[in-house]
Amino acid sequence: MSLPIYATFGQRVWYYAFRVICALIFIFLITPILVVIPLSFNAEDFFTFTPEMLSFDPAGYSLKHYQDFFTNNEWQRSFKNSLIIAPIATIISVSLGTLAAIGLSQSHVPFRRGIMAILISPMIVPLIISATGMFFFYSKIGNFMEGTMGLDKNLVGYIKVILAHAVLGIPFVIITVTATLVGFDRSLTRAAANMGANPVTTFFKVQMPLILPGVISGGLFAFITSFDEVVVVLFVGSASQKTLPWQMFTGLREQISPTILAVATILVGISILLLITLELLRRRSERLRGMSPG
Amino acid sequence: MTKTATNEPVLAADGTPLKRSLARALRVQKMRALALIAPLLIFVMISFIIPIGDMLFRSVENKIVENTLPYTVDELSRWDGTGTELPPEPVYRDMYFDLFLAAELKRHTRLGSRLNYEASGMSSLFRQAGRKLDDPGKDAVKLLKSIDPVWGERDTYYTLFNAAAGDAVNQDLLAAQQSRIRWLADETPTGEMAFAPSQNVSDLLPLAARVYTSSAVITGMIENKDVAKSKPMESLYLALLQDVTRPGFQDDLAAYDGPQKDALTALANAGLSAPNYSAIFADIDENWADIETWRVIQTHSGEFTNGYFLNAIDMQKTPDGPAVQPENKRVLIQLFIRTLIMSLTIMGSCILLGYPIAWILSNVPTRQANMLMILVLLPFWTSLLVRTSAWKVMLQQQGVINDVLVWVGLVADDARLVMINNQFGTIVAMTHILLPFMILPMYSVMQTINPSYLRAAKSLGATNWTAFWRVYFPQSIPGIGAGSILVFILSIGYYITPEIVGGTKGVFISNRIAYHISSSLNWGLAAALGTILLAVVLGLYWCYDKIVGIDNVKLG
């Protein structure tokens with residue numbers, strides 16, 4: 001909406017002032033993320049811009065924090081832990097979540113509201129409360145698995161964290177997949193059944209390709225939830241399950257090294273990739289459903 | 001009158017009544033839907049709902065006192081704690097034997113820490129007692145040996161208490177001691193042991209048989225050692241003294257016909273007196289002779305307690321009912337209020353900052369809106385810790401904002417602003433982190449507002465402000481409501497950001513919960529605080545569901 005030619009002086013002032021205000025809010029939103037990126041190339045161990053950096057002296061910049069991230073054992077181990085835990089948790093929440101979302105989108109589901117409330121609850125309950133509850137309960141489960149089933153302590157630790165993260169990811173899968181299923185044309189599955197396909201074939205050949213964009217974006221949400229999660233892993237996990245966010249959290253509390261900023265920059269890169277993927281998926285999904293990409 | 005459909009049921013193709021056939025089809029459909037949902041529902045139930053329920057239960061559960069000191073609690077329940085008299089001797093006696101067993105398994109400190117939440121000093125009182133309970137036992141065994149040397153040999157006790165082949169076994173006693181030790185040691189006594197308490201002797205020497213059995217369960221079933229060759233707990237000697245001096249022992253002994261009759265007779269005729277337990281305790285620490293100590297134990301001996309909830313709202317449980325905590329311990333209500341006020345402030349600043357953004361997003365051409373949307377979605381998708389660390393970098397005294405202000409000359413170098421480790425830091429960082437959650441619902445509502453309403457208002461003579469306030473704003477309220485509840489729910493339970501940028505003044509109730517879980521280990525209080533927070537959040541969630549509906553939650 002542009003300024004009409006007959007606008008009064010006051011209207012003009014307000015028009016531009018409003019845009020300046022909006023620009024300032026956008027700056028507020030984006031600056032913290034942008035500030036981190038150049039600082040991660042700092043040659044000094046400071047959390048702020050050095051005079052060399054401000055004068056664009058190449059000596060003020062270096063990749064040493066990145067080098068530290070890729071060579072330091074602590075960081076590498078936590079990165080690996082994150083890469084183990086997040087994908088497995090995602091697979092669990094996506095497979096169970098998709099099935100349940102399909103079930104929920106049927107026309108006659110008893111207690112639909114109640115079931116939905118339970119499945120969404122991990123997203124609503126504050127993380128600290130989920131973490132507290134899981135802390136108590138999972139230590140009992142862990143003792144049982146170690147003592148009675150004789151499993152390795154380390155393995156039990158991973159199982160606990162993965163289960164906890166899988167639960168936290170489920171609401172996201174449920175929400176995105178149910179949203180995709182709303183626009184799903186039921187006559188397609190009936191047509192498939194009519195032509196002799198059994199329900200499993202129908203699911204994989206007809207329904208799945210159509211809802212895939214929703215499933216993938218739900219999976220991305222679940223992945224990022226686990227990849228970014230620190231409270232629950234802090235309470236449920238032990239030191240050998242230390243994930244990347246956990247390592248960052250300890251680093252921030254004790255203020256050890258600006259390597260955190262290098263990690264932060266890498267994570268910003270990952271989130272940009274995720275954002276692009278999601279946008280492409282959204283467009284594809286809308287194209288499949290015959291809507292024009294908006 | 002011809003036959004009509006009213007008395008003949010309509011039939012399906014296979015001959016069953018149509019009604020039944022349809023009902024069956026519907027039932028199959030329902031079952032299929034439930035079967036698809038069931039795996040996930042069970043998974044969420046087990047790994048999420050039950051843990052939450054477990055936490056709720058923990059906020060009232062208080063088995064530790066009763067399980068650690070079962071006989072004392074039983075004896076203590078007959079004592080009037082509101083009077084001025086100290087508990088009678090049997091209470092001290094049971095306390096001695098209960099505490100001795102707990103100390104043997106190193107569990108008395110756990111009880112001490114539990115009671116220390118209620119009255120400071122209890123922890124050290126129990127720890128100290130655990131160290132010094134052995135001494136009276138050593139004195140007692142010397143006394144026994146001086147009467148008959150057989151009382152110094154381990155085998156004497158084993159043959160006395162063990163049921164020989166053909167003798168009746170006191171199964172109740174064995175089971176009771178096993179379950180007691182299972183709880184105390186956090187370990188099921190599973191080993192095989194070559195001991196079973198004899199029914200005869202446990203009638204004659206009830207206390208000593210109990211002590212010997214529990215001692216045998218520990219050595220035989222937990223440490224897997226030979227009971228006959230192991231030294232029993234020192235409390236056994238006191239228990240034996242207690243039993244041989246009990247009224248009626250002489251008569252029972254006359255009727256007794258079993259091992260060690262001579263040695264027992266020697267003890268019975270030696271003119272011994274029962275141990276003075278209250279003196280033993282008073283010797284260890286004078287606080288055991290203080291009525292307050294016993295009042296605390298009695299007050300908190302119930303299996304369930306509302307004590308944690310009372311503590312959570314700055315009150316305490318006393319023998320005379322709930323009372324307000326002393327002034328210097330009242331912090332939690334203040335923290336709840338602070339959490340609420342800060343969450344409201346964050347919600348308010350999110351509304352103020354989010355509204356213009358949502359408005360501009362929904363009023364510029366789609367292409368521009370998509371570009372601007374990236375600026376909102378990028379922070380939304382960026383890791384929470386990245387954003388928190390960014391704010392730490394920005395707000396520090398040697399941080400980016402202060403540097404810029406100093407460089408511009410607005411602030412002197414030696415008077416840098418303190419913007420972190422206080423409420424300001426928490427509010428700024430959390431407003432930034434939660435702003436997308438406000439903008440997205442507002443945007444989705446504003447998109448649906450028809451711009452011709454505004455034009456109509458203006459063409460009818462409304463000023464810009466009136467048109468906005470009377471026409472546009474009321475239509476955008478659902479978006480504000482949805483966004484506000486979402487932001488409020490999220491912020492009230494935040495932990496990470498306040499922990500890092502909040503210092504001591506800018507922390508929330510969740511930080512207190514985490515403190516009680518990992519540092520002070522007062523898990524009951526943590527659970528009670530969590531329960532209260534959960535109730536608040538669920539209440540808000542219910543409102544959200546009524547206003548927006550869970551099904552309408554949209555992501556991205």
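Which residues in H4(A) meet residues in H9(A)? The close-ups below take up that question and two others, all in a predicted model.

**View 1. Helices H4 and H9 of chain A pack against each other.** From H4(A), the contact takes in Ser82(A), Ile85(A), Ala86(A), Ala89(A), Thr90(A), Ser93(A), Val94(A), Gly97(A) and Thr98(A). They meet Val215(A), Gly218(A), Gly219(A), Ala222(A), Phe223(A), Ser226(A) and Phe227(A) in H9(A). By class, the residues of this contact are 8 nonpolar and 8 polar, with no charged ones.

**View 2. The geometry of the H4(A) and H9(A) pair.** Here is how the two helices sit: H4 covers residues 73-104 and H9 residues 199-227 of chain A, and their axes are 8 Å apart at an angle of about 140°. Because of that angle, H4(A) is oblique to H9(A). The crossing in which H4(A) passes H9(A) is right-handed.

**View 3. Chain B in contact with chain A.** On this interface, 75 residues of chain B touch 79 residues of chain A. Look for helix H1 (residues 18-58) of chain B, which supplies 21 residues, the largest share of the chain B side. That side of chain B is made up of 52 nonpolar, 17 polar and 6 charged residues.

**View 4. A hairpin in chain B.** Strand S1 (residues 315-318) and strand S2 (residues 321-324) of chain B run antiparallel and are joined by 4 bridges. Between S1(B) and S2(B) lie 2 residues.

How values were computed:
Residues are numbered from 1 along each chain as its sequence is written. Chains are lettered from A and ligands numbered from 1 in the order in which they are written. This is a predicted model: local features need pLDDT of at least 70, side-chain atom pairs count only at pLDDT 80 or more; totals for chains, interfaces and linings use all residues. Axes are lines fitted to C-alpha atoms, for helices over the stretch in contact, and angles run from 0 to 180 degrees between N-to-C directions. Angles under 35 degrees count as roughly parallel, over 145 as roughly antiparallel, 65 to 115 as roughly perpendicular and the rest as oblique. A crossing is left-handed if the near helix is turned anticlockwise from the far one by less than a right angle, and right-handed if clockwise. Two residues are in contact if their C-beta atoms, placed from the backbone, lie within 7 Å. Ala, Val, Leu, Ile, Met, Phe, Trp, Tyr, Cys and Pro count as nonpolar, Asp, Glu, Lys and Arg as charged, and the others, Gly among them, as polar. Two strands pair if DSSP finds at least two bridges between them.
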